Amino acid sequence: MGIKIGNNNPILSYKLDRIATSSTAMLSVEHAAGHESGNVVRARANAVANGGYVIYSAITLDMRKRGMFLAAVAGKTTVEIYYPHGKGKLGERKNNSKIPTRSVERRLEEDLNIFKSRMNSEKNDDVRENIKRRISEIRNAIMTLRMGRIPTCNVKSLVDAYA
């Protein structure tokens, strides 16, 4: 005895960001929550790009009985952002470019080269091990930065920590 699709599991229509989509009542929570989570991620990325910090985020779903399911019929995302230097001012330059992750990457690569040259001239094994560790940390930081996994608001602390 399986669940019959029809009146017991109706198809719900949503208007998500000016795009009409639909989902069954059974999958509506997954559908709506996934969409709202994407809104939080987008808002966080915009905040970071403009020099802000997300201090609060919440997702609420409007739940109603549809067919034999409790379904999400609507959702709302709330994100509070703090801009310590005013919106968009942290990363702006004279040419209005965003936070320069390329220059941070170059600085880390320069420091990496310095450590490599120190490694070649160092005779003490303990110091060489510390230099190897630092080289590994800087390489990992560069790769993480290239993959975009470091929020740009933490880039300065990244340079301070590894350089």
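# Notebook: a predicted model

**Entry: Met-26.** I started with Met-26, which counts as partly exposed at 48% relative accessibility. I noted at the outset that the model is a predicted one. I placed Met-26 in the loop between S2 and helix H1 (28–49). Which residues does Met-26 touch, not counting residues up to four places away in sequence? I found Asn-9 and Phe-69. Phe-69 is 43 residues from Met-26 along the chain, yet I read 6.1 Å between their C-alpha atoms. Strand S4 covers residues 69–82, so I took Phe-69 to be part of S4, because a strand is a run of residues.

**Entry: Ser-23.** I then stepped back to Ser-23, which has its place in strand S2 (residues 19–24). Is Ser-23 buried or exposed? I have it down as buried, because its relative accessibility is 9% and the cut-off for buried is under 20%. I listed its contacts, leaving aside neighbours within four places in sequence. They are Pro-10, Ile-11, Leu-12 and Tyr-14 on the one hand, and Ser-28 and His-31 on the other. Helix H1 runs over 28–49, and I noted that Ser-28 and His-31 are contacts of Ser-23.

**Entry: the whole chain.** I next looked up the overall make-up. How many helices and strands does the protein have? I counted four helices and four strands. Read from the N terminus on, the elements run β-β-α-β-β-α-α-α. The protein has 163 residues, and buried residues make up 26% of them. I wrote down an accessible surface of about 11,200 Å². Carbon and sulfur atoms account for 51% of that surface. I also checked the contacts between residues at least 6 apart in sequence, and 55% of these join residues at least 24 apart.

**Entry: helix H3.** I turned to H3, which takes in residues 125–146. I read off 22 residues and a reach of 31 Å from the first C-alpha to the last. That is close to the 32 Å expected at 1.5 Å a residue. Which residues of H3 are buried? My list has Ile-131, Ile-135, Ile-138, Ala-141, Ile-142 and Leu-145. They lie on the same side of H3, because they cover an arc of only 130 degrees around the axis. On the other side of H3, I found Asp-125 and Asp-126 exposed.

**Entry: salt bridges.** I searched the whole structure for salt bridges and got three. Side chains of opposite charge can pair when their charged atoms come close.

Glu-137 is partly exposed at 24% relative accessibility, and Arg-133 is partly exposed at 43%.

I also found Glu-129 in a salt bridge with Lys-132, with 3.6 Å between the closest N and O atoms. How far apart are Glu-129 and Lys-132 in helix H3? They are three residues apart, so about one helical turn separates them. I have Glu-129 as partly exposed at 47% relative accessibility and Lys-132 as partly exposed at 40%.

I then noted the salt bridge in which the side chains of Arg-64 and Asp-62 meet, at 3.1 Å from N to O. Arg-64 is partly exposed, with a relative accessible area of 40%. Asp-62 is partly exposed as well, with a relative accessible area of 29%.

**Entry: a nonpolar patch.** I ended at the surface. Which residues form the nonpolar patch there? I wrote down Tyr-53, Ile-55, Tyr-56 and Tyr-82. Together they have about 450 Å² of accessible area. Strand S3 (residues 53–66) gives the largest share of the patch, three residues. Tyr-82 is found in strand S4 (residues 69–82), and I have it as partly exposed at 45% relative accessibility.

Conventions:
Residues are numbered from 1 along each chain as its sequence is written. This is a predicted model: local features need pLDDT of at least 70, side-chain atom pairs count only at pLDDT 80 or more; totals for chains, interfaces and linings use all residues. Side-chain values use heavy atoms; hydrogens and water are left out. Helices (H or I, at least four residues) and strands (E, at least two) are DSSP runs, numbered from the N terminus. Buried means under 20% relative accessible area, exposed over 50%, partly exposed in between (1.4 Å probe, protein chains only). Contact means heavy atoms within 4.5 Å. Accessible areas come from the Shrake-Rupley method with a 1.4 Å probe; for residues, only the protein chains shown count as cover. A salt bridge is a side-chain nitrogen of Lys or Arg within 4 Å of a carboxyl oxygen of Asp or Glu. Patches are made of residues with over 30% relative accessible area and no salt bridge: like charges are joined within 9 Å, nonpolar side chains (Val, Leu, Ile, Met, Phe, Trp, Tyr) within 5 Å. The expected span of a helix is 1.5 Å times one less than its number of residues. The arc is that of the directions from the helix axis to the C-beta atoms.
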